[in-house]
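Thanks for coming, everyone. Let me put the structure up, and then we will walk through it.

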Amino acid sequence: MVYLFLFAFVASVTLCLILIQLVKSLAEKSGFVDLPAEGKIHKSPVTYGGGIAVGFSTMAVVLIFMQAAYMTSCGKLESIVPAELARY
């Protein structure tokens, strides 16, 4: 069971890192950035949208594992995944 949670964590982090780079490049191209000004800490433009990538990756992994749990409880997972792997 611990391996399942570890896999979910690694999948979420990996997806998050990929999506952050994608959102960052799209934000830079579209000008969706916070420019430095008086009273702000950053000295160079900072892109918006990182939270979107984090939220989407977390939701995607949660929904995938919820679907896997449902398929396991209904007995449908054994038709897709070998029985040796389905028990994890």
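**A buried serine**

Start with Ser 57, which is buried at 0% relative accessible area. Buried means under 20% relative accessible area, exposed means over 50%, and partly exposed lies in between, with a 1.4 Å probe and protein chains only. Ser 57 sits in helix H2, residues 50–74. Helices here are DSSP runs of H or I with at least four residues, numbered from the N terminus.

A word on the source. This is a predicted model, where local features need pLDDT of at least 70, side-chain atom pairs count only at pLDDT 80 or more, and totals for chains, interfaces and linings use all residues. Residues are numbered from 1 along each chain as its sequence is written, and side-chain values use heavy atoms, with hydrogens and water left out.

What is Ser 57 in contact with, leaving aside neighbours within four places in sequence? Ser 12, Leu 15, Cys 16 and Leu 19. Contact means heavy atoms within 4.5 Å.

Now to Leu 17. Leu 17 is in helix H1, residues 2–30. Leu 17 is exposed, at 54% relative accessible area.

Last, charges. How many salt bridges are there? The count is 1, taking a side-chain nitrogen of Lys or Arg within 4 Å of a carboxyl oxygen of Asp or Glu. Lys 40 pairs with Asp 34, with the closest N and O atoms 2.6 Å apart. Lys 40 is partly exposed at 36%, while Asp 34 is buried at 16%.

Terms used. Helices (H or I, at least four residues) and strands (E, at least two) are DSSP runs, numbered from the N terminus.
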